[in-house]
Amino acid sequence: MNTPATPAQEVSVNIADHVSVIRFEREHKKNAFTGQMYDCMSEALQSGDQDEEVRCHLFLGSDGVFSAGNDIQDFIDHGLQQGGLGKEVLQFLRTLVTTEKPLVAGVDGLAIGIGATMLMHCDLVYASDRSFFQTPFVDLGLVPEAASSLLAPRLLGHQKAFSLLALGERLTAEEAERCGMVNKVTNSEDLENIAQAAAQNLGRKPMSALQTTRKLIRGDRASILERIDQEAEHFSTHLATKEAQNAFARFMNKP
Ligand code: COA
């Protein structure tokens, strides 16, 4: 099945060799995620889980850009409407946790905000050597999302997680590999082939054994879902503050 991205639908889904490739195609906005894109991603994960053809999901971005995170204009709109993170975002985050089939990501270039935190839900992450990971939540007057306040310390240790989530420091691809957030760093030309090969390799494994192994490794889902909801409450409160709205306005009005 191929669902090419249209201008109104900036995520494409292509299934080949048992891999469902979910590609972000909003390059002119650095693949910043809109509500519609979250819906497409949730739908792709849910329908891929139901489809016997699909054995693995693979997230890819575009040349030099994985994702610049949530669309900041949407943050402005949601903040003004007191709407919080938005139901499409929350649905996507919950789907990331409940998806049964393995999640693989190939990151080339910038991965900011949810573009970085969604990777903490992936089972395998490959990154090009020009990639970096950054979550400027606090600088925007916000708090972490996607259960990253739980998953980042587990993955990176307290201090590295704090420098990422609170200080807003960038992690380079090499640092992320050293910390265990990335499996392998490669050059950008080879990145997609390597990520595809890993996803296809997973697709050839005995499904039931693979999915059970994954479930055991990932452990308790309830605490992750609970943290997503806790963070979302704080996120909503912060989204509406003057500090956050001023930070968004500064970004949108930059020369
Ligand atoms: N939301 C909405 N639009 C975004 C965006 C985002 N998260 N990130 C980038 N864009 C838009 C820019 O507004 C710009 O749009 P325009 O061409 O209509 O002016 C376009 O994408 C290109 O971005 P630009 O900032 O010109 O590119 P750059 O190479 O100089 O910088 C980034 C790239 C990603 C470093 C920078 O855009 C950025 O910091 N984005 C915000 C990241 C962020 O804070 N995300 C939220 C985390 S919670």
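By class, how many nonpolar, polar and charged residues does the lining of the largest cavity have? The lining has seven nonpolar, one polar and one charged residues, where Ala, Val, Leu, Ile, Met, Phe, Trp, Tyr, Cys and Pro count as nonpolar, Asp, Glu, Lys and Arg as charged, and the others, Gly among them, as polar.

The structure is a predicted model, in which local features need pLDDT of at least 70 and side-chain atom pairs count only at pLDDT 80 or more, while totals for chains, interfaces and linings use all residues. Residues are numbered from 1 along each chain as its sequence is written, and side-chain values use heavy atoms, with hydrogens and water left out.

Cavities come next. Rolling a probe the size of a water molecule over the atoms shows where empty space is left. On a 1 Å grid over the protein atoms alone, a cavity is a set of points where a 1.4 Å probe fits but cannot get out, whereas a pocket is an open set with protein on both sides within 12 Å along at least five of seven lines; lining residues have an atom within 4 Å of a point. Grid points are joined across faces, edges and corners, and a volume is the space filled by probe spheres set on the points. One cavity of 30 Å³ or more is counted by this rule. The largest cavity has a volume of about 40 Å³, and its lining includes Tyr38, Asn70, Phe75 and Glu145.

The largest pocket holds about 650 Å³ of space. It is lined by 30 residues, with His121, Cys122, Asp123, Ile217 and Arg218 closest to its centre. Two or more lining residues come from each of β8 (124-128), α5 (148-156), α9 (207-218) and α10 (221-239), helices (H or I, at least four residues) and strands (E, at least two) being DSSP runs numbered from the N terminus. Helix α9 gives the most, with seven residues. By class, this lining has 15 nonpolar, seven polar and eight charged residues.

About 550 Å³ of space lies in the second largest pocket. Among its 23 lining residues, Ala32, Ala68, Asn70, Ile72 and Phe251 lie nearest the centre. The elements giving two or more residues to this lining are α2, β7 and α11 (242-252), and α2 gives the most, with three residues.

The second largest pocket is also where the ligand sits, meaning that more than half of the ligand's atoms lie within 2 Å of the grid points. Of the 17 residues around the ligand, Lys29, Lys30, Ala68, Asn70 and Ile72 come nearest; a residue is near if one of its heavy atoms lies within 4 Å. This shell divides into 10 nonpolar, three polar and four charged residues. A polar backbone atom of Ala68 is 2.9 Å from a nitrogen atom of the ligand, and a backbone N or O atom of Asn70 lies 3.0 Å from a ligand nitrogen atom. An N or O atom in the side chain of Lys254 is 3.3 Å from an oxygen atom of the ligand. Such polar contacts are pairs of N or O atoms within 3.5 Å.

Technical notes. A polar contact is a pair of N or O atoms within 3.5 Å; within protein, one must be able to donate a hydrogen and the other to accept it, and residues adjacent in sequence count only if both atoms are side-chain atoms.
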